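Subject: Handover of a structure

Dear colleague,

Please find below the structure that I am handing over to you.

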Amino acid sequence: MTKNGHTNAAYVADVSDKPSKKYSLELAEKADKYGVKSNGIDEYDPFQHRQVEHPTTNAETMFHFLKGSLGTGILAMPNAFKNAGYVMGSIGTIVIGAICTYCIHQLVKAEYELCKRRKIPSMSYPKVAEEAMQEGPTIFRKCSPYIGNLVNTFLLIYQLGTCCVYVVFVASNIKSVADYYLETPVDVRLCMLIILLPLILINYVRNLKYLAPFSTIANAITMVSFGIICYYIFRQPISTEGKEAFAPVSGFPLFFGTVLFALEAIGVILPLENEMKTPKKFGGSCGVLNVSMILIVFLYVGMGLFGYLNYGDDIEGSITLNLPAKEVLAQCVKGMLAFAIFITHGLACYVAIDITWNDYVAKKLGPQRSKLFWEYVVRTLLVLVTFLLAVAIPNLELFISLFGALCLSALGLGFPALIQISTHWYNTHGKAKIWLILSNSVLIIVGVLGLVIGTYTSLAEIIATFLD
C-alpha cells in the first residue's frame, strides 16, 4: 500500500462494476489478496490505513487551503460586486459560499464511504466519480468508464484557465507600472510576450519541492500587498452614494462565475484531506473546512463590498489597477503581486501538466528513453496555450467569470451532487431517498444553469470586447 491509495488500483477495477449492496465476503477476500487489511467491510477505516510520508497538521492544512483560495480571485471581487450591487453581492457571496461548503462536505463524505466499501485508503476526485457512478442505478454505471475523464477534462480546463488569468494579471500590472515611467503606453500583449520565456522556464521545474521556497515568499508578499490595498480602500470615507444596492439581473451571471472562480478550490480538497495527520478534523462543525470557508467568505465579502463602495463603477478587473498610478507605494503593490502571481503560475500549471502528462501522454509513449524530452514538450505547449489565449482575450474579469462558470459550476456543484446521489442510491429508502434526490437535483440544476448561462454571458461579452 502506498501513499494516496494508488497501489490498489487493480482491486478497485476488479470490484468497480458491482453496486455496494451486493458486496460480500468475496470482496473482503479480494481486498486481502491485494494487500489490504480486512476485518469486515464495516470495520475498515480508511483513515487508519493511509500511509503519508509527511502528514500535515490541521493548521498547515488550513494554511494550504487558504493559500489555494486567496489569489487573483479576491482581487476581482469588487468588480463582481459591480455586476450584482453591494447588497446582492454580499448576500450572494455568502449563499454561494455556503453552497460550495456543503458540496465539498458531500464530496469528502462520499470519498470516505467509497473508500470503506472498496477497502482502500484514499481516492482522487476522478476516481471518486468513477466509483460513485458504479454505486448508482444502471444508467449511471454505464457512464462510469467516462466520468473520470470528464472530471479530468474540467480540472484541466480550469487549471489552464487559472494560468490564463495569471498571465493577464501579471501583464496588466506590469503595464500599469510601465505606463507611468514611459512616454508611450505599452501594449499589454507586449508585456505578455516579455514574460513568456520566464513562464516557460519556471514551468520546467519538475519537482514542487524546488518551488516551495518561492511559494512561501509569494504568500508573504501577497499578505503584505493585501494590507496595503486595504490601506488605500479605507484611507477615504466609504460611501454608498452613487453605488447600486441591486444591479441589473443581466450582470448576475458574471457575478456568479467570478465568485465561483474566487471561492472554489475543489481541485485541492481531496489531496489536502488525504495528506492530513488527523483527517477526521477536516469535516465537522468546527473542522478545518468550515473554519477556512468562513474566513474566506468573510475576506471576500469585505474586499468586494468595500472595494466596490470605494471605486464604484470605475472598478477594474483587478482592484490593483485602480490604485493611484503616481504613488510609489501603489506601484510597489502592483509589482509585488505581479511577481507573486508569476511564481504561482508554476504551481497552477503543475496540476495541468500532471493530468496531461501522467494520465494521458506518458501512457501512450511507453518505455522510451526520450520521455523526458516529450515531457518538456508538453510543458512548453501548455504554457503556450495559456499565453495564446491570454493574448487573444486580454480581459481579466471576463476570463475569471468564464472559467468560473464553465468549470466550477460542474466541479464544485454538479459533480459532487451527482456523486452523492450515486453513492447512497442503494443505502437510502423512503423519505430519506426522496430528500437525497430532490436536494441534489436542485444543486445539479443550479450547476447546469450556472454553467450554461454564465458561460454564454461571458463568451458574449468576450466576443463583443474582441470585436470592438
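The following notes set out what was found in this structure.

The model is predicted, so local features need pLDDT of at least 70 and side-chain atom pairs count only at pLDDT 80 or more, while totals for chains, interfaces and linings use all residues. Residues are numbered from 1 along each chain as its sequence is written, and side-chain values use heavy atoms, with hydrogens and water left out.

Overall composition. The chain has 18 helices and zero strands; helices (H or I, at least four residues) and strands (E, at least two) are DSSP runs, numbered from the N terminus. Of its 468 residues, 53% count as buried, that is, under 20% relative accessible area with a 1.4 Å probe, protein chains only. Among contacts (heavy atoms within 4.5 Å) with a separation of 6 or more, 82% are between residues 24 or more positions apart.

Helices α11 and α15. The axes of α11 (residues 212–234) and α15 (residues 328–365) come within 9 Å and cross at roughly 145°. Here axes are lines fitted to C-alpha atoms over the stretch in contact, and angles run from 0 to 180 degrees between N-to-C directions. Residues making this contact include Phe 214, Ile 221 and Tyr 232 of α11 and Leu 329, Phe 339 and Leu 347 of α15. By class, the contact has 17 nonpolar, four polar and no charged residues; Ala, Val, Leu, Ile, Met, Phe, Trp, Tyr, Cys and Pro count as nonpolar, Asp, Glu, Lys and Arg as charged, and the others, Gly among them, as polar.

Ser 422. This residue lies in helix α17 and counts as buried because its relative accessibility is 0%. Ser 422 and Glu 135 are 287 residues apart in sequence, yet their C-alpha atoms are 5.4 Å apart in space. Leaving aside residues up to four places away in sequence, Ser 422 touches Ala 132, Met 133, Glu 135, Gly 136 and Phe 140.

The second largest pocket. A pocket is an open set of points on a 1 Å grid over the protein atoms alone, where a 1.4 Å probe fits, with protein on both sides within 12 Å along at least five of seven lines; lining residues have an atom within 4 Å of a point. The second largest pocket holds about 220 Å³ of space, a volume being the space filled by probe spheres set on the points. Helices α9 (138–181) and α17 (396–423) each supply at least two residues of its lining, and α9 gives the largest share, four residues. Among the lining residues are Val 168, Lys 175, Glu 316 and Leu 396.

Yours sincerely

Notes. Buried means under 20% relative accessible area, exposed over 50%, partly exposed in between (1.4 Å probe, protein chains only).
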